[in-house]
Amino acid sequence: MRKVKLVVANTPESLAETLGLSRAEAQEWQFQHELLARLKVAIKREGITHAALAAQAQTSRTRVTAILNGNLEHVSSDLLIRLLGALGYRVRARVSKTAA
């Protein structure tokens, strides 16, 4: 039986380090998960079905459902922004220099 080591990550940065992600990959992952969180809130607020959102964003219902279940593998930030846009939301970015 293989022994599993439990690791606790208290910040997104420490989680990325634990997963072996580069700083750039960690930032993209963090950005996508923030978009996903906002998307879930928007869908709940708007009361729209996955199928209706998919049609408005010109993607499949299956893909929308997978995204909302947290599967962001092979999902671009562009698609998440397009889904939010289909709901009438605008995404604004803020760029700042991080500490080294």
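Gln 32 counts as buried because its relative accessibility is 7%, where buried means under 20% relative accessible area, exposed over 50%, and partly exposed in between, with a 1.4 Å probe and protein chains only. Before going on, the conventions: this is a predicted model, in which local features need pLDDT of at least 70, side-chain atom pairs count only at pLDDT 80 or more, and totals for chains, interfaces and linings use all residues. Residues are numbered from 1 along each chain as its sequence is written, and side-chain values use heavy atoms, with hydrogens and water left out.

Gln 32 lies in helix 2, residues 23-46; helices here are DSSP runs of H or I with at least four residues, numbered from the N terminus. Setting aside neighbours within four places in sequence, Gln 32 has contacts with Leu 72, Val 75, Ser 76, Ser 77 and Leu 80, a contact being heavy atoms within 4.5 Å.

Take Ser 77 next. Ser 77 sits in helix 5 and is buried, at 13% relative accessible area.

Now the core. The largest nonpolar core has 19 residues, and Leu 80 is among those with the most contacts inside it; such a core is a set of buried Ala, Val, Leu, Ile, Met, Phe, Trp, Tyr and Cys residues joined through side-chain atoms within 4.5 Å. Two or more residues each come from helix 2, helix 3 (50-57), helix 4 (61-68) and helix 5 (77-86). Helix 2 gives the largest share, five residues. Beyond four places in sequence, Leu 80 touches Gln 32, Leu 35, Leu 39, Ile 67, Leu 72 and Val 75.
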